[in-house]
Amino acid sequence: MAADSRALFQQALTQFQSGRMAEAEGLLRACIAADPQRAEALELLGGAISAQGRPAEALRACREAVSLVERESGASSRATASLLTTLAVVHQDLSDYPAAETALGRAGRILGGLDGDDPEVVRLRVWTTSTLAGLRRGSDRSCEERGRHGARAGPGAWPIHRHPLTAPAPSRA
C-alpha cells in the first residue's frame, strides 16, 4: 500500500505542478484512500480543490492535514508550519483574513524555533513573513486577486502553486 501511495502522490504532484487540478484531485483521493495518514496528500488535495474554486471543501482537507501532522510530528514541526501556511492561503481564498493571519502567525512562531540553516525553513520563513506583513498592512486586495485569478493564470500564479515546500524552487538561469 505504501508504494502505491507514494506513486500516486508523485503522479498527483506532477499534475498539480502542471496546473491540471482535476487530475491531481482524483489521484490525491486515490492516494489518501490507500494511505489515510498521508498528510502531504491532504495538503495538496486542499490546494487542488481550492484552485478549482472550492475553498470551503479545501479548508476541511487542510484542517485534517494539520490535525494529522500535529498528532504525528508535534505542533512545532516544519511540517505543521508548512500546513499552516497552506491553511492560511485557503482562508485568504475565503476572504477570512483574520483566520489567515492567525495561521501565518502560528507558522511564523514555529519557524522561529527551527534550524535557521535549513534552506527549506529559510524559504518558508521568507514566504510566511512577507505574506503576513501584507495582511497586516491591509493589502487584502492582492490576496483576493490571487484567489480569484490564480487557477486561470496557470501554474505559479497563485501562492499555493509556488508554496515553498510543495513546488520546486525557481531556476537561477
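1. Seven salt bridges turn up in a search of the whole structure, a salt bridge being a side-chain nitrogen of Lys or Arg within 4 Å of a carboxyl oxygen of Asp or Glu. The model is a predicted one, in which local features need pLDDT of at least 70, side-chain atom pairs count only at pLDDT 80 or more, and totals for chains, interfaces and linings use all residues. Residues are numbered from 1 along each chain as its sequence is written, and side-chain values use heavy atoms, with hydrogens and water left out.

2. Arg-54 pairs with Glu-25 in a salt bridge, at 2.8 Å from N to O. Arg-54 sits in the loop between helix 3 (39-51) and helix 4 (55-73) and Glu-25 in helix 2 (residues 21-34), so this pair ties together parts 29 residues apart in sequence. Helices here are DSSP runs (H or I, at least four residues), numbered from the N terminus. Glu-25 is buried at 11% relative accessibility, while Arg-54 is partly exposed at 27%. Buried means under 20% relative accessible area, exposed over 50%, and partly exposed in between (1.4 Å probe, protein chains only).

3. Arg-54 also forms a salt bridge with Glu-57, again listed at 2.8 Å, N to O. Glu-57 is partly exposed, with 24% relative accessibility. A network of salt bridges links Glu-25, Arg-29, Arg-54 and Glu-57.

4. Between Arg-106 and Glu-70 there is a salt bridge whose closest N and O atoms are 1.9 Å apart. Arg-106 belongs to helix 6 and Glu-70 to helix 4, so the pair connects parts that are 36 residues apart in sequence. Both ends are partly exposed: Arg-106 has a relative accessible area of 28%, and Glu-70 has 26%.

5. Helix 6 covers residues 97-112, which is 16 residues, and its first and last C-alpha atoms are 22 Å apart, close to the expected 22 Å at 1.5 Å a residue. The expected span is 1.5 Å times one less than the number of residues. At the start of helix 6, a side-chain oxygen of Asp-96 comes within 3.2 Å of the backbone nitrogen of Ala-99. Ala-99 is itself among the buried residues of helix 6, which also include Tyr-97, Leu-104, Ile-110 and Leu-111.

6. Helix 3 is largely enclosed by the rest of the structure, because 12 of its 13 residues are buried. Among them are Leu-42, Glu-43, Leu-44, Leu-45 and Ile-49. The end C-alpha atoms of helix 3 are 18 Å apart, in agreement with the 18 Å that its 13 residues should span at 1.5 Å a residue. Gly-53 follows helix 3 and has a positive phi, near 85 degrees.

7. Ser-50 is located in helix 3 and is buried, at 2% relative accessible area. The Ser-50 side chain makes a polar contact of 2.8 Å with the side chain of Asp-93. A polar contact is a pair of N or O atoms within 3.5 Å; within protein, one must be able to donate a hydrogen and the other to accept it, and residues adjacent in sequence count only if both atoms are side-chain atoms.

8. The axes of helix 2 and helix 3 come within 9 Å and cross at roughly 150 degrees, where axes are lines fitted to C-alpha atoms, for helices over the stretch in contact, and angles run from 0 to 180 degrees between N-to-C directions. That makes helix 2 roughly antiparallel to helix 3, a term for angles over 145 degrees.

Definitions and conventions
Helix = DSSP H or I, 4+ residues; strand = E, 2+ residues; numbered from the N terminus. Parallel < 35°, antiparallel > 145°, perpendicular 65-115°, else oblique.
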